[in-house]
Each structure stands twice: as C-alpha cells, then as structure tokens.
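User: I have a structure open and want to go through some side-chain contacts. Can you take questions as they come?
Analyst: Go ahead.

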Amino acid sequence: MTIKAVVFDVGETLIDETRIWSRWADRLGVPRLTFLGVLGGMAALDLPHGETFEVLRPGFDVDADIEAWARDEPGSLRNHFDADDLYADVRPAFEELRTAGYQVIVAGNQPTTAYDALVAMDLPADSIHTSDGWGVAKPEPGFFAKVAAVAGREPAEILYVGDRLDNDVLPAGEAGMRTAMLRRGPWGYLHALRPEAAKADVVIDDLRALLPYLRENA
C-alpha cells in the first residue's frame, strides 16, 4: 500500500531533550556531563532512562521530587519542554509533508503536560496524541492500534518515525506499519548501529529526508 500518513515520536525525534536532562543534573547536584554520560549508558545497556537516577542517587524518588520541584520552582520549565527545544528540521519537514498531501500526526510516550506544550507550538500537524492521554504506551500493540485508529488508515499506509528500535521501529513494524529510524539522540545513534536497524524501511539523519524517500518509493 502507498504511505498516506507519517506519524512521529516526540522525545529526541521532535524535541531536543538536552535542556531537560541538564536541568535534572543541576537538580541532583551532579555535573551535566556525568548525568548525560550515565544516561547514554542506559541507552547502551538497554536499561530504562529512569535508572540514571538510581545510579546517581540510589533510592531517589523521581515522582516525589517532581512534585517538590514544582513547589520549589513553579515558574520554571523543570522537567518539561517548550518551543525552544524543537529540533530545527521539524517545522519544515512537517510543512513539506503536508503540502505534498501526507497526513502528519504526532504520537509518543509523553505525559499530558507534553500534549499542552506541543499544542502551544502550533505545529503544522493534523493531530497530536500522547501515551498518557490514550492510557497505553509504546511498545504495547495497543498504542499502535490507537495510531492507526486516529489516522483512519490501514497500518501499511502509515510510516512511523522514531529514534528507538525497542519503542518505535520494531513494535511499529510488528503492527504492520512502515518505519523510519532516526539517528538522533543517544538511543538513535546507538540503535542505528545494531543489526536490527536493518528492519527499518529507511534510516535517516534529518526529518527533511522523509519526503524525498516517500517520493522515491511511492
């Protein structure tokens, strides 16, 4: 089937998370390089990114500290993002795809606060969705069933774009979708080196490479 919809992950696909993780490093009182290095280790070892906190501060309660952080700095971004964190290729890629007639959808593992932040960016997208809003997260098959439902397409008509094999490429492919592996962020660069990356329909370094790929493979 011809691809008619392009669906995008959020973290390190659309959003540069450098500032978020740097603020966490400052919050924990560890050098930023140390925090980012340990985070990269989680990517290399296939461990959840949350394990970064356990390595640096054993017993650290992330959820409790998020609440405390909100009380301490109610006016700051804290562990959130805004339009300044959007990668430079996102808007032009979205605009090019929509102009070419493709449906553009954002759907990733994110809290409801991320939905509000993404909507506020006024992106040229047809719809925006988060795992918390749906009540199901990647890599669960139910997440990709939701993607197909909101797109109103057969899975084979959808190209899912993400930076991870485990959360994006492999489960989306198992759901019958086409997939694009983005070499961006710690997981993106490391996962692109793995043999399983060959299961992606295309590996890209820039979102603006999507439209040429789609035109060549129409």
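User: Are Lys138 and Asp168 buried or exposed?
Analyst: Both Lys138 and Asp168 are buried. Buried means under 20% relative accessible area, exposed over 50%, and partly exposed in between, with a 1.4 Å probe and protein chains only. Note that this is a predicted model, in which local features need pLDDT of at least 70 and side-chain atom pairs count only at pLDDT 80 or more, while totals for chains, interfaces and linings use all residues. Residues are numbered from 1 along each chain as its sequence is written, and side-chain values use heavy atoms, with hydrogens and water left out.

User: What do the side chains of Lys138 and Asp168 meet in?
Analyst: A salt bridge, at 2.6 Å from N to O. The term stands for a side-chain nitrogen of Lys or Arg within 4 Å of a carboxyl oxygen of Asp or Glu. Lys138 sits in the loop between H7 and H8, and Asp168 in helix H9 (residues 165-174), 30 residues apart. Helices (H or I, at least four residues) and strands (E, at least two) are DSSP runs, numbered from the N terminus.

User: How many salt bridges does the structure hold?
Analyst: It holds 15 salt bridges. Another one of them pairs Asp85 with Arg19, the closest N and O atoms being 2.7 Å apart.

User: Why does that pair tie together parts that are apart in sequence?
Analyst: Because Asp85 lies in the loop between helix H4 (62-72) and helix H5 (90-99), whereas Arg19 lies in helix H1; the parts are 66 residues apart in sequence. Asp85 counts as buried at 3% relative accessibility. Arg19 is partly exposed, with a relative accessible area of 34%.

User: Switching topic. Where does Gln103 lie?
Analyst: Gln103 is in strand S2 (residues 103-108). Gln103 is buried, at a relative accessible area of 15%.

User: What does the side chain of Gln103 make a polar contact with?
Analyst: The side chain of Arg153, at 3.0 Å. A polar contact is a pair of N or O atoms within 3.5 Å; within protein, one must be able to donate a hydrogen and the other to accept it, and residues adjacent in sequence count only if both atoms are side-chain atoms.
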